[in-house]
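Morning, everyone. Please have a look at the chain on the screen, and then we will walk through it together.

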Amino acid sequence: MKSIQRAGLRRPVFFLALAIAVIAGSGCYSSDYRRSMAANVSLLSDMSDKLADYCRTFFKLDDRQLSSEEMGEFYYAFNKANAFSSSTPREVSRPSHRDFVKLLNAYEKFAHAADEYRLNGKPDPAILASLMSQHAQVRHFAGKVTEDLRNEPD
């Protein structure tokens, strides 16, 4: 009888400990989401700034034109951020995640348009103005995601 009573007492303690572990684990997950999201936003924002600078100089590095291989870093940033977004299906209802998808779409559009501009072979003020507008959209969504992360509960 004593072992049944002890087991009965231990069972609530076990479930309490399990509940605490789950809460602590979900806190770490949420913290990891925030940290990873912030890192990906920073990556896309920084790469967008760099790409805008290249557009303004018509992709000149010293005395040479930026190569297709060097443009790969902009696509790599997109692929990395897109993979992160795909790996967070439980977070899709969060405003930060929804705005991050908008950021991804704006960045991808900007990167492809900038690459087409580079391949066109000649500077064009109208196209450059459109590219700077696309860059501004990327910056806008990056700021929105950052704001969302600040306002979201854990």
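Predicted model: local features only at pLDDT ≥ 70, side-chain atom pairs only at ≥ 80, totals over all residues.

One term before we start. A polar contact is a pair of N or O atoms within 3.5 Å. Within protein, one atom must be able to donate a hydrogen and the other to accept it.

Now the overall layout. The chain has four helices and two strands. Starting at the N terminus, the order is α-β-β-α-α-α. There are 154 residues in the chain, and 34% of them are buried. Next, the contacts. Take those with a separation of 6 or more: 78% of them are between residues 24 or more positions apart. And the surface? The accessible surface is about 9,400 Å², with 59% of it belonging to carbon and sulfur atoms.

Let's zoom in on one residue, arginine 118. Find it in helix 3, which covers residues 95-120. Is arginine 118 buried or exposed? Its relative accessibility is 9%. The cut-off for buried is under 20%, so arginine 118 counts as buried.

Which side chain does arginine 118 meet in a polar contact? That partner is serine 68, and the two side chains are joined at 3.1 Å. Setting aside neighbours within four places in sequence, it touches Phe58, Phe59, Gln65, Leu66, Ser67, Ser68 and Met71.

On to the rings. A pair of aromatic rings is described by the distance of the centres and the angle of the planes. How many aromatic pairs does a search of the whole structure find? Six.

Here is one of them: tyrosine 54 with phenylalanine 74. Their ring centres are 6.0 Å apart and their planes are at 85°, so we call the pair edge-to-face. Tyrosine 54 is in helix 1, residues 2-56, and phenylalanine 74 is in helix 2, residues 68-86. So this pair ties together parts that are 20 residues apart in sequence. Both tyrosine 54 and phenylalanine 74 are buried.

Now phenylalanine 58 and phenylalanine 59. They also make an edge-to-face pair, 6.0 Å centre to centre, with 70° between the planes. Both of these phenylalanines are buried. You have met them already: Phe58 and Phe59 are among the contacts of arginine 118.

Last stop. Look for Tyr33, Phe84 and Phe100, which ring pairs link into a cluster.

Terms used: Residues numbered from 1 in each chain as written. Heavy atoms only, no water. Buried < 20%, exposed > 50% of the residue type's maximum accessible area, 1.4 Å probe, protein only. Contact = heavy atoms within 4.5 Å. Areas by Shrake-Rupley, 256 points an atom, 1.4 Å probe, with all protein chains shown as cover. Phe/Tyr/Trp six-rings, centres within 6.5 Å; stacked < 30°, edge-to-face > 60°.
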